[in-house]
Amino acid sequence: LFFIISKSLQLFFLLLGPTLFAGIGKLNGTYSVLAKQLSNISGGDERRTCLILFLSSALLSMMGLGTIAAPVILLPLLLEVAKEEDLPELLVILLSISGCIAGGLSLWAPTGSIGRALALQIGVESYSSIFVASFFTFSLYAFFLFISFGGLKLKRKPPKPAEPMILNSKQFLTIMVAFGVITAILGFKLDIGLSAFVGAALLLLCKAADESKAIANVPWSTLLLVSGVSVLLYVFKANG
């Protein structure tokens with residue numbers, strides 16, 4: 001019972017840290033500024049924007065954030081990009097999640113480490129072929145979703161005038177702390193949830209966002225639902 005509860009709490013804090021951190025970035029406008037800069041890269045081509053969103057999700061997941069933390073951190077930013085570029089939000093969400101799953105079996109990602117251990121248990125030594133096959137499969141899946149959810153209807157618009165990235169003190173602090181959190185996770189292999197939670201706490205202490213709004217912005221019911229389902233899965237596994 002203690003093992004099941006500890007695993008459930010571990011998952012809860014893994015989701016809570018990135019969710020709280022992402023909520024702060026959204027509240028103080030950091031994500032809006034970054035979304036405009038990402039929109040400048042696409043040059044008005046909505047299809048190219050979708051490709052950038054998929055590849056950025058896959059890259060961050062592959063580098064170590066994995067399939068759980070990467071969507072939590074990225075989706076608020078990518079939804080701001082969707083708003084800026086007038087893209088279908090459902091399409092952006094599906095492409096981002098597909099990208100995170102495509103990169104999730106990387107050896108640097110937590111899910112990839114689990115996948116390699118399971119592969120070794122069944123006698124598969126060439127794990128790289130599994131990762132390549134997974135990445136290719138979910139890339140095809142993302143392409144299918146792109147077609148099914150209106151990607152072919154997207155057009156190339158006249159590019160918007162490029163705006164310089166002007167940050168206020170709160171937004172600059174948010175970006176610096178975000179770099180620190182990502183460096184702690186990818187460079188020093190620190191716990192994802194704890195690193196993001198410490199970063200969020202530092203931002204709140206520095207008044208980078210309203211504390212009450214940031215806490216209220218956390219989807220507590222969703223976090224409890226996911227954690228509760230994980231408890232049931234561990235119970236089912238324990239009972240064979």
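Q: What is the expected span of a helix?
A: The expected span of a helix is 1.5 Å times one less than its number of residues. In this predicted model, the rule can be applied to helix 2, residues 30-42.

Q: How do you know what span to expect of helix 2, and what does the model give?
A: Helix 2 has 13 residues, for which 18 Å is expected at 1.5 Å a residue. From its first C-alpha to its last, helix 2 reaches 19 Å, which is close to that value.

Q: Which residues of helix 2 are buried?
A: Thr30, Tyr31, Val33, Ala35, Ser39 and Ser42 are the buried residues of helix 2. Each of them therefore falls under 20% relative accessible area.

Q: What does Gln171 touch, not counting residues up to four places away in sequence?
A: Gln171 touches Asn28, Gly29, Thr30, Val33 and Ile166. Among these, Thr30 and Val33 are also buried residues of helix 2.

Q: What makes Glu85 buried?
A: Glu85, in helix 3, has a relative accessibility of 6%. The limit for buried is under 20%, so Glu85 at 6% counts as buried.

Q: Which residues does Glu85 touch, not counting those up to four places away in sequence?
A: Glu85 touches Ser39, Ser42, Gly44, Glu46, Thr49 and Lys157. Ser39 and Ser42 belong to the buried residues of helix 2.

Q: Why is the pair of Arg156 and Asp45 called a salt bridge?
A: A salt bridge needs a side-chain nitrogen of Lys or Arg within 4 Å of a carboxyl oxygen of Asp or Glu. The side chains of Arg156 and Asp45 meet at 3.6 Å, N to O, so the pair qualifies as a salt bridge. The structure holds 1 salt bridge.

Q: What does the pair of Arg156 and Asp45 tie together?
A: Arg156 lies in the loop between helix 6 (127-148) and helix 7, while Asp45 lies in the loop between helix 2 and helix 3 (46-85), so the pair ties together parts that are 111 residues apart in sequence.

Q: How do you know whether Arg156 is buried or exposed?
A: Exposed means over 50% relative accessible area. Arg156 has 54%, so Arg156 is exposed.

Q: Why does Ile24 count as buried?
A: Ile24 has a relative accessibility of 0%. That value is under 20%, so Ile24 counts as buried. Ile24 lies in helix 1, residues 2-27.

Q: With which residues is Ile24 in contact, leaving aside its neighbours within four places in sequence?
A: Ile24 is in contact with Ala200, Leu203, Leu204, Ala208, Ala209 and Ala214.

Q: What makes the phi of Lys189 and that of Lys207 worth noting?
A: Most residues other than glycine have a negative phi. The phi of Lys189 is near 55°, a positive value, and the phi of Lys207 is near 60°, also positive. Lys189 sits in the loop between helix 7 and helix 8 (192-205), and Lys207 in the loop between helix 8 and helix 9 (211-216).

Q: Where in the chain is confidence lowest, and where is it highest?
A: Confidence is lowest in helix 10, at a mean of 80, and highest in helix 4 (residues 89-103), at 94. The chain averages a pLDDT of 87, and 95% of the residues score at least 70.

Notes. Residues are numbered from 1 along each chain as its sequence is written. Side-chain values use heavy atoms; hydrogens and water are left out. Helices (H or I, at least four residues) and strands (E, at least two) are DSSP runs, numbered from the N terminus. Buried means under 20% relative accessible area, exposed over 50%, partly exposed in between (1.4 Å probe, protein chains only). Contact means heavy atoms within 4.5 Å. pLDDT is the predictor's confidence in each residue, from 0 to 100.
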